Amino acid sequence: MRNTDLPRVRSVGAPAAAPATGTPGVARGTGIASRPLRIGRRMAALAACGVLAVGCAKAGTAGTDAVGGGGDASSPVKVGLLYSRTGPLAAYGKQYLEGFKAGLDYATKGTGKVDGHPIEFVEQDDAGDPAKAVSGAKELIGKGYKILAGSTTSGVALQVAPFAAQNKVLFISGPAAADKVTALNKYTFRSGRQSYQDTLTAASFVGDAKGKKVTVLAQDSAFGQANVAAVKAVLGKAGATVDAVLAPPSATDLTPFVTQAKAAKPDLLFVAWAGETASALWTSLNQQDVFSSTRVVTGLDLAASYPLFGAAGEKISFLNHYFAGAAGTDVEKAMTEAVAKSGGKPDIFTPDGFTAAQMVVHAVEANKGSADDAAALVKALEGWSFDGVKGHLTVRAEDHALLQPMFQVRLTGTGAAAKPTVEKVLPADQVAPPVLAMVG
């Protein structure tokens with residue numbers, strides 16, 4: 001196992017680079033990986049279980065009660081963070097982690113504890129790879145973890161969520177925007193926005209969509225496909241004709257795809273893009289002067305991407321989940337101060353980590369410092385309304401969508417001087433996705 005594969009254990013106030021060998025479960029010899037012979041002796045019992053059989057393994061694992069905080073009065077509650085510490089979306093992962101630490105400090109009033117139980121979290125790098133994320137989830141669940149959070153990418157969230165549900169583990173998805181995460185199962189929640197909320201924000205620029213032609217330019221990934229589906233569901237239903245140009249996520253020469261999108265001559269070009277190829281995409285759009293022939297709507301990404309738009313930035317209609325300073329709330333101020341204290345700066349997905357920590361603390365508080373009963377954690381979160389970074393947030397009870405405000409944004413200036421400002425705040429009910437029936 002490489003060092004980058006090792007989980008890192010942290011708690012509020014702990015050093016940022018706590019050694020992997022500090023993983024309590026492994027140190028006590030209670031981790032499945034450290035006990036292959038014991039597991040081998042239990043094969044018959046494991047075979048009797050229909051899923052991973054974590055519950056079966058846990059029943060015979062000494063000390064696993066402490067993982068959920070349900071042991072003695074000061075036993076820790078442990079949370080597994082599955083996120084992209086490395087890989088193409090590592091910048092988003094860093095934001096999420098900084099937000100989670102700030103949110104944990106805020107929600108516990110600086111104590112790091114709930115009802116006397118320290119909240120500790122373990123980092124598990126998924127590198128944006130769903131298979132690696134599921135492997136990490138399996139390891140954590142095998143050690144008795146009852147709460148997982150993270151998922152920088154939609155592909156990871158859509159693989160980890162059903163696995164967590166099979167094992168009756170609470171899973172709070174992070175920046176992953178795919179609409180399919182909502183209502184996927186009763187154990188899955190989300191701390192960020194979803195594609196449908198992005199699309200409703202984009203639709204607010206269009207006005208009457210009837211008879212309009214809309215082209216979606218996106219990566220052929222779970223995120224991109226979710227955006228295509230959401231645009232068809234929103235603008236297609238309103239009378240627009242919607243088509244799509246999808247590029248392989250590995251593509252670095254994006255000129256052919258931009259040419260195809262321009263040739264479609266849409267009234268509106270909706271761009272849904274993420275990751276390291278964003279610079280190449282906007283360079284190609286600028287070079288082909290797409291902005292002069294159609295209205296371009298896209299999401300405003302992380303701050304480092306602002307200079308990439310160049311002079312065209314002032315011509316783009318931006319929908320926005322969040323940028324530093326967008327909300328103007330007291331909670332945002334607290335997040336900003338905490339992140340700045342640790343040397344960071346809030347960005348687009350910092351609130352997702354912050355909100356996840358608020359949800360974890362609330363669920364554990366409602367259960368008197370215990371995370372042992374996942375059904376009780378779920379019950380505590382369903383219908384919960386609270387003040388978050390972006391404003392007032394609600395966890396919709398029916399399908400666990402996170403209702404939240406969204407922003408129309410203008411970018412002014414170029415290069416390092418490019419700065420976003422809020423043009424309009426769309427209230428949560430205006431961008432609320434339709435209620436879905438719970439699948440699992």
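Visitor: Which residues of H10 are buried?

Guide: The buried residues of H10 are Phe-223, Gly-224, Ala-226, Asn-227, Val-228, Ala-230, Val-231, Val-234 and Leu-235. Buried means under 20% relative accessible area, exposed means over 50%, and partly exposed lies in between, with a 1.4 Å probe and protein chains only. This is a predicted model, in which local features need pLDDT of at least 70 and side-chain atom pairs count only at pLDDT 80 or more, while totals for chains, interfaces and linings use all residues. Residues are numbered from 1 along each chain as its sequence is written, and side-chain values use heavy atoms, with hydrogens and water left out.

Visitor: What makes H10 a helix, and what span is expected of H10?

Guide: Helices (H or I, at least four residues) and strands (E, at least two) are DSSP runs, numbered from the N terminus. H10 covers residues 222-236, which is 15 residues. The expected span is 1.5 Å times one less than the number of residues.

Visitor: What do the buried residues of H10 pack against?

Guide: They pack against helices H8 (154-166) and H9, and against strands S8 (213-219), S9 (241-247) and S10 (268-272). From H9, Thr-199 is in contact with Asn-227, Ala-230, Val-231 and Val-234, leaving aside its neighbours within four places in sequence. Contact means heavy atoms within 4.5 Å.

Visitor: Why does Thr-199 count as buried?

Guide: Its relative accessibility is 1%, and the limit for buried is under 20%, so Thr-199 counts as buried.

Visitor: Why is Gln-260 called partly exposed?

Guide: Gln-260, in helix H11 (residues 255-263), has a relative accessible area of 45%. That value falls between 20% and 50%, so Gln-260 is partly exposed.

Visitor: Where is Ser-191, and is Ser-191 buried or exposed?

Guide: Ser-191 sits in the loop between strand S7 (188-190) and helix H9 (195-206). Ser-191 is buried because its relative accessible area is 2%, against a limit of under 20%.

Visitor: How are H6 and H13 packed?

Guide: Helix H6 (residues 90-107) and helix H13 (residues 330-341) pack at an angle of about 115°, with axes 9 Å apart. Axes are lines fitted to C-alpha atoms, for helices over the stretch in contact, and angles run from 0 to 180 degrees between N-to-C directions. Glu-98, Ala-102 and Tyr-106 in H6 meet residues of H13 including Val-331 and Ala-334.

Visitor: Over which residues does pLDDT stay under 50?

Guide: pLDDT, the predictor's confidence in each residue from 0 to 100, stays under 50 over residues 1-66. Where pLDDT is low, the predicted coordinates should not be read in detail. The mean pLDDT of the chain is 84, and 84% of its residues reach 70 or more.
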